Amino acid sequence: MEEGKQGKHSSGKRDSFTAAVVGVRGYTGAEIVKILKNHPRLKRLKLFSTEVEDLIQESIPSFRKILDDKIEILSYDKVSDCDVVFLCLEQAQAHKIVASLIEKGVTPFIVDLSPDFRFKDIKKYKEIYKFDHAIPSLLSSVSYGISELWKEEIKNSAIVANPGCYSNAFLLAVSPLISVARDKIQDFIIDAKSGVTGAGRKALPHLTYGYLSENMKVYAWVEHRHVPEIEEKLKEKFGIEKNILFTAQLIPSKRGILETIWVRFSSDVSGMKNEIFDAYEKFSQQNFFFDFWGEEFPDLYSVVGTNFIRVGVRLHKNYAMIVSVIDNLIKGASGQAVQNMNVKFGFSETEGLENLPPHFL
Ligand SMILES: NC(=O)c1ccc[n+]([C@@H]2O[C@H](COP(=O)([O-])OP(=O)(O)OC[C@H]3O[C@@H](n4cnc5c(N)ncnc54)[C@H](OP(=O)(O)O)[C@@H]3O)[C@@H](O)[C@H]2O)c1
């Protein structure tokens, strides 16, 4: 595949769009359909699945009567020209679909929710995800997809690699801090907790109701695949290389990520409180979906159902503790993907996303 072909289709601004969602039975695929269905600029939506027969009836019955005549359901071999294609697949699938689209001369804007385009470093795909990349020559032109931090790159790229959910909750939460205290930061210790949908829709023993209800489990220690992603992006965006200690726990909730991030500094930062909090306030004002709570720590329910990331920060001697919460399926995946499309197509960044209702009890 020639690099030029994909690069050619990076024209941005438009008034409306047609979209394809590939892998629609999965959690992130279904969530994108929900969001796009109410996007005011949507003209037509094509849904692609390995299971076309009775897709709604059998696999996503909660969509009955919701999907209307703007929507078609097709098999993967019919993925064809649309303004934007959202790939919502298991790892090591999306890169093959993109390669075959380009072979066919079809070059839509692509937002890949899987890890297939996240690394610039080609070796990482084999090391971490155990596959050989089909189109390594394109990787340097792919933008990482956190709209608040990679906006100009997204506007100028034909492929956007949506971030891992833990990576997104971390990188956004520390970005204002890095802007004012980068030289003092020694390590980041990330204690992450995720609801069960973070693992996808597959039926695995540790994801059953019987096992997980009223239970918690540490499932990753130090070596989680989002750690090398975080390391690469800290270097790419902020030019820093830091020690990252990471642990992930499964909690008995359906959705949501809560990260408790400890930052260790080389000296006492309590005197920098105003400067640090001003940086967070400014970032919050510049970015609608970033909500700074000052010294109050946000909870999961404040974000579940929405595209918001909410962040609280406290300083103690040479430590900061940051709490970052997102809905893993929205800001951690499908909402972020639509936000990236909005940026690319020159729509308001919040279109189709600002009215998603939070869950609260
Ligand atoms: N879940 C999250 O919180 C999250 C957050 C950020 C990124 N991601 C990434 O996004 C990608 C998709 O994640 P996901 O959570 O949506 O995965 P998922 O729920 O496991 O779905 C993945 C794919 O499995 C296929 N599938 C096959 N049999 C299925 C069945 N019986 N029911 C449902 N789907 C079935 C679906 O495609 P067909 O419709 O074609 O069968 C779907 O695209 C992954 O690469 C993941 O790493 C996930």
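Where is the place of Asp-54? Asp-54 sits in the loop that runs between β2 (42–48) and α3 (55–59). Helices (H or I, at least four residues) and strands (E, at least two) are DSSP runs, numbered from the N terminus.

This is a predicted model: local features need pLDDT of at least 70, side-chain atom pairs count only at pLDDT 80 or more, and totals for chains, interfaces and linings use all residues. Residues are numbered from 1 along each chain as its sequence is written, and side-chain values use heavy atoms, with hydrogens and water left out.

**Surface patches**

Asp-54 belongs to a patch of negative charge on the surface, together with Glu-51, Glu-53 and Glu-58. Asp-54 counts as partly exposed because its relative accessibility is 47%. Buried means under 20% relative accessible area, exposed means over 50%, and partly exposed lies in between (1.4 Å probe, protein chains only).

Patches are made of residues with over 30% relative accessible area and no salt bridge; like charges are joined within 9 Å, and nonpolar side chains (Val, Leu, Ile, Met, Phe, Trp, Tyr) within 5 Å. Lys and Arg count as positive, Asp and Glu as negative; His and the chain ends are not counted. Accessible areas come from the Shrake-Rupley method with a 1.4 Å probe.

There is also a nonpolar surface patch of about 340 Å². Ile-189, Leu-245, Trp-262 and Tyr-319 make this patch. Trp-262 lies in strand β11 (residues 257–265). At 37% relative accessibility, Trp-262 is partly exposed.

**Salt bridges**

Side chains of opposite charge can pair when their charged atoms come close. A salt bridge here is a side-chain nitrogen of Lys or Arg within 4 Å of a carboxyl oxygen of Asp or Glu. By this rule the count is 22 salt bridges. Three of them are tabulated below.

| Glu-31 | Lys-34 | 3.4 Å |

Glu-31 and Lys-34 share helix α2 (residues 27–37). They are three residues apart, about one turn of the helix. Glu-31 is buried, at 7% relative accessibility, whereas Lys-34 is partly exposed, at 43%.

Glu-72 lies in strand β3 (residues 71–74) and Arg-44 in strand β2, so the pair ties together parts that are 28 residues apart in sequence. Glu-72 is partly exposed at 28% relative accessibility. Arg-44 is partly exposed at 32%.

Lys-202 is partly exposed, with a relative accessible area of 37%.

Salt bridges with shared partners also join Glu-31, Lys-34, Arg-255 and Asp-327 into one network.

**Cysteines**

How many disulfides does the structure hold? The number is zero, where a disulfide is a pair of cysteine sulfur atoms within 2.5 Å. For Cys-82, the nearest cysteine sulfur is that of Cys-88, 13 Å away. Cys-165 is in no disulfide either, and its nearest cysteine sulfur, that of Cys-88, is 14 Å away. Cys-82 is buried, with a relative accessible area of 5%. Cys-165 is buried too, at 15%.

Definitions and conventions: Charge placed at Lys NZ, Arg CZ, Asp CG, Glu CD.
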